[in-house]
Amino acid sequence: MSESKLTKLGKSLDELDARISELRRMVEAGQEAYSDELADLEERADELAAEICSGLTSWDRVMLARHERRPQSSDYISAIIDDFVELHGDRRFGDDRAIIAGIGFLDGQPVAVIGQEKGRTISERATHNFGMARPEGYRKTMRLMRFAAQMGHPIIILIDTPGADCLEASESRGISEAIAANQRDMFSLAVPIVCMVIGEGGSGGAIALGVGDRLLMLEHAYYSVITPEGCAAILWRDPALRERAAQALKLTAPDALELGVIDKVVAETTGGAHRGPYETAANLKGAVLETLEELDGISASELLRTRYEKFRFMGAPAGFGNTGRC
Amino acid sequence: MTSADEKKAPASDSYGEVPPDLWQTCPACNQLLYSPDLEADLWVCSKCGHHLRLTVWQRLQVTADPDSFEEWDGELPLNDPLHFPEYLPKARANQESTGMTEAVLTGRASIDGIAFGVGIMDLSFIGGSMGWVVGERVTRLMERAIAERLPVVIFCASGGARMQESLIALMQMAKTSGAAGTLAQASLPYVSVLTDPTYGGVLASFAFLGDIIIAEQGAAMGFAGPRVVEVTGLRMPKGIQTAEFQYEHGMVDMLLSRRQIRPTLHTILRWCTA
């Protein structure tokens, strides 16, 4: 398999972007002499980004979804939610920092917001457990979601996890039960729920927050029941076959749309959200607002019925779809 | 439909009249066990107490009234939503070799005349993994139980969600979890029995949503399946992914030997339907 453009050119683009950041800082600090060079580099970078994105493989998207500078939930929450008040704890055991949960305003609309956070620095990653939530994290989200339903306000969920935490501590507190209960109970919340995979949609850890009225994915996010490396290792006993596995798993956003699992793919800055976090955040905000407007005014019973049917008939072969069964 | 008896029917071979599967070895202690005695012991080793894994028909035999089982939704077609390489041939080969159509058998059965909707999973069919057919059968089981006002009992055994159906398999977790919620809303009970082994996407969806959860003695269970643990190099200490561990941490209602399951289910069903 020939080397992907991202593999060949991605590093050059990262280096260009780094130089651009530097120049931008200098120009903003008043060093006008660099503005020509800056404009030139920005143009070259955008061309390179477009070149790379013209031939992205599924594995490329996995790498973009895992890019170390990719914006995370906290970045989007800062960018689009006003007066965010963060809530903590599951009232049973502790607070899971792998999940941010709280209330705030989106363009003046009161919303509940949940976001999985992976962290960037070594210390942050330890604090957030690399975005691998534990039972108390999912239970915290259910507490907030019930409160949002009680108050009649929509719930926005940003999914970004390599998978749920599965170690002894999580087993001892019921990680499977927490994931199962979340999925079951999200079907009974009578407020609009919008779920968006912004990075890694890691299997059970993601679906535990993934029952919604509308499912969205950022352009380069992935959503899968297993990682491509895991799939290659288990099915073909060769983790090096991860690129083939990524393709077979149909884990990209366009794949999920075609499979009828998600409703919308949200565009990122060319080359990945990390190249244009504000622009991508604006796209994300726009998509969420548009989705909330679509869901506005639907009666509670209608909302719950269509949410149930959405998942009831996903992936059904021809002839087994919604024929009025429910 | 192939019955347990038919599957055990011995073929006469070059050694004369002794059928090849008259004796079985206990996978735990290597004791040679005489098949008819083993069957009378509900496929529990008389030497060490190891509970051997059961086929769906063996599970029916040790649980339900004879001839009480009526299959539902046996006709659902194999589904390959991703057109995953090698998947359909593998599924068809599994159908041939196991006699099952998919990893779960669903329908109606009774214990001492009390009817209930039943689901039984079996690891022999693609590792007991859940894809669309398993999710659909489990969901239809619950829907029909609501229509016919039946309690539901599901014997779970699974390696997890089916990789070859990826996102569609993942969505079955949500679908079956939602269905379990509708049973409760309809004031019907759901008993889940966790058997050896139950992992991953099945454990983290309908398996852990029983109103009453029974763990069968010796069953292995955990969120991360053993192959996932193996390929990610996770350190999973012994004793964590066990029924005993779940019971000690308050996650399951009871830990029962195989012999205790039928009478206990009967009492629960009597209580629920009184």
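Reader: In which sense do E6(A) and strand E8 of chain A pair, and over how many bridges?
Author: In this predicted model, E6(A) pairs with strand E8 (residues 264–266) of chain A in the parallel sense, and the pairing runs over 3 bridges. Within it, A:Met217 stands opposite A:Val265 in E8(A).

Reader: And how does E5(A) pair with E6(A)?
Author: That pairing is also in the parallel sense, over 4 bridges. There A:Val197 stands opposite A:Met217 in E6(A).

Reader: Let us turn to the chains. How many residues of chain A are in contact with chain B?
Author: The contact involves 42 residues of chain A and 41 residues of chain B. Elements of chain A that give two or more residues to its side include helix H7 (168–172), helix H8 (175–186), strand E7 (222–224) and helix H14 (300–312).

Reader: Which element gives the most to that side of chain A?
Author: H8(A) does, with 7 residues. By class, the side of chain A that touches chain B has 25 nonpolar, 11 polar and 6 charged residues.

Reader: Is H8(A) mostly covered or mostly uncovered?
Author: H8(A) is mostly covered, with 11 of its 12 residues buried. Among them are A:Ile175, A:Glu177, A:Asn182, A:Arg184 and A:Met186.

Reader: What covers the buried residues of H8(A)?
Author: The cover includes helix H6 (135–151), H7, strand E5 (193–202) and H9 of chain A. Chain B takes part as well, through its helix H6 (166–185) and helix H7 (200–203).

Reader: What span should H8(A) have, and how far apart are its end C-alpha atoms?
Author: At 1.5 Å a residue, its 12 residues should span 16 Å, and the end C-alpha atoms are 17 Å apart, which agrees.

Reader: Finally, into which domains is chain B divided?
Author: Chain B has domain 1 (1–52) and domain 2 (54–273). Their C-alpha centres lie 24 Å apart. The contact takes 11 residues from domain 1 of chain B and 14 residues from domain 2 of chain B.

Reader: What classes make up the side of domain 1 that touches domain 2 of chain B?
Author: That side of domain 1 has 6 nonpolar, 4 polar and 1 charged residues.

Methods:
Residues numbered from 1 in each chain as written. Chains lettered and ligands numbered in written order. Predicted model: local features only at pLDDT ≥ 70, side-chain atom pairs only at ≥ 80, totals over all residues. Contact = placed C-beta atoms within 7 Å. Nonpolar A, V, L, I, M, F, W, Y, C, P; charged D, E, K, R; others polar. Expected span 1.5 Å × (residues − 1). Buried ≥ 20, exposed ≤ 12 C-beta atoms within 10 Å, placed from the backbone. Pairing = 2+ DSSP bridges. Domains from an automatic or database assignment.
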